[in-house]
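Keep the structure in view as you read.

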Amino acid sequence: MNRPPVSLATAKSTTAMGVNKQIAAYAFVGVVFPAVAWSLARGTPIAETDTLRTIVQVVAANLACWYTISRLRTYARARLLSYVLPVNLVIFGFCFAANGLLRADLSFSLLLLCGLSTLFVSYLVTAKVRHANPQSQHYVVPGGKIGTILGQQGFAPAISIEHLSGLIEANAVTGSIVADLHHDHSPEWERLLAKAALKGIPVYHYRLIEEMLTGEVRISHLHENDLGSLIPNLPYRTVKRTIDIAGVVVISPFILLLTAICAVLIKLDSPGSVFFYQNRIGFRGENFKMVKFRTMRTRDAEDDLDARREDVMTKADDDRITRVGKFLRMSRMDEIPQAWNILLGQMSWIGPRPEARELAEWYESKIPFYSYRHIVRPGITGWAQINQGHVTDLDSIKGKLRFDFYYVKNLSLWLDILIGLKTLRVILSGIGAK
């Protein structure tokens with residue numbers, strides 16, 4: 001069984017180790033202590049211009065590490081300790097790279113020492129928050145729907161109004177109270193929920209807790225809509241498009257180099273085109289041609305609809321996959337040419353994976369509200385992709401759709417960062433690649 005969701009399990013830890021204490025720990029261990037030690041060891045006054053310039057950057061990077069890790073903590077399926085190292089490496093790596101390119105006058109040795117110290121305090125604070133109050137007990141109010149919550153560790157049924165009221169009066173509720181807030185509860189239960197909220201005890205709708213536990217949003221019909229607005233996070237969608245284009249431009253030399261190498265390997269491995277084009281359903285349900293490196297042997301397309309649908313389904317250990325293709329799929333390098341689709345505005349770096357037209361039309365005919373996943377641009381990687389991998393059967397597609405709806409509902413820079421970090425882990429480990 002799963003542990004209680006991170007944002008609930010650590011609710012009391014915010015009090016035990018509040019924001020001010022966390023910032024103080026980062027400041028002292030990540031900045032003050034290494035800066036003083038470096039100054040004494042080298043005999044260099046901290047008041048020197050280069051030293052002060054370095055410390056200013058260290059403070060900014062230090063706070064960025066703390067803030068990024070704390071934001072990632074709010075999402076489901078976030079293995080906190082797993083992301084401490086990559087977050088710190090990216091932030092301090094950017095500092096080193098930017099200052100190196102600009103030939104800035106500052107102390108790289110002090111920047112390195114503070115970077116290592118910040119990494120150390122990041123692990124300490126994250127471990128402290130993660131393991132604080134592991135025995136938090138959450139109570140589920142009877143009545144209405146409660147989903148699968150009672151099957152999870154840390155969630156117990158509220159035996160009676162008197163029992164739960166006594167716990168509230170005694171300040172013995174270490175977690176939260178969960179209920180179907182859409183259900184017509186008795187006046188006694190409603191008074192108790194209001195009383196709990198006034199006592200500062202979190203009261204959650206059960207669907208929200210299911211999302212925290214699973215990273216999925218269940219919705220098949222409009223009357224089940226817990227998404228809020230059906231058009232997600234409009235301000236961020238504009239920023240996201242800018243980030244997509246900038247990302248392609250910045251890494252274009254690397255993309256071109258890899259494309260040249262992969263093209264040679266594909267040609268040497270098997271006859272056929274270097275690239276593979278396929279009709280996919282994208283943003284707002286529009287058709288587009290997605291480009292990938294060819295990873296399979298070419299064969300003639302079938303005329304029959306069912307045969308074409310079967311042909312676009314890639315199975316495990318598919319005998320059409322070439323030797324080079326197997327490596328490209330495992331490393332996800334076959335997706336590199338989709339940078340072109342990103343430039344054209346057809347795709348994003350992160351979003352629900354676009355389905356082949358034949359499959360998307362089939363899923364739409366079988367699964368109500370399926371097309372809602374097209375409300376955002378499809379991505380090279382996505383929340384469903386890193387949590388479930390590639391699937392084609394209807395039952396698995398319904399599960400994948402719940403991951404897609406979670407992404408749409410929680411669309412934000414921080415969720416995209418989390419997906420990017422998870423994708424990097426998949427690429428480096430090969431786990432989850434299909």
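The largest nonpolar core holds 59 residues, and Trp383, Tyr407, Leu415 and Leu418 have the most contacts inside it. Such a core is a set of buried Ala, Val, Leu, Ile, Met, Phe, Trp, Tyr and Cys residues joined through side-chain atoms within 4.5 Å, where buried means under 20% relative accessible area with a 1.4 Å probe, protein chains only. Helices H3 (19-42), H4 (49-72) and H17 (394-409) are among the elements giving it two or more residues; helices here are DSSP runs of H or I with at least four residues, strands are E runs of at least two, and both are numbered from the N terminus. Apart from this core lies another, of 17 residues, including Val248 and Met347.

This is a predicted model: local features need pLDDT of at least 70, side-chain atom pairs count only at pLDDT 80 or more, and totals for chains, interfaces and linings use all residues. Residues are numbered from 1 along each chain as its sequence is written, and side-chain values use heavy atoms, leaving out hydrogens and water.

Now find Gln338, in the loop between helix H13 (323-331) and helix H14 (339-343). Is Gln338 buried or exposed? Gln338 counts as buried because its relative accessibility is 0%. Not counting residues up to four places away in sequence, Gln338 touches Met290, Val291, Lys292, Met347, Arg353 and Ile380, with contact meaning heavy atoms within 4.5 Å.

Note on methods
Buried < 20%, exposed > 50% of the residue type's maximum accessible area, 1.4 Å probe, protein only.
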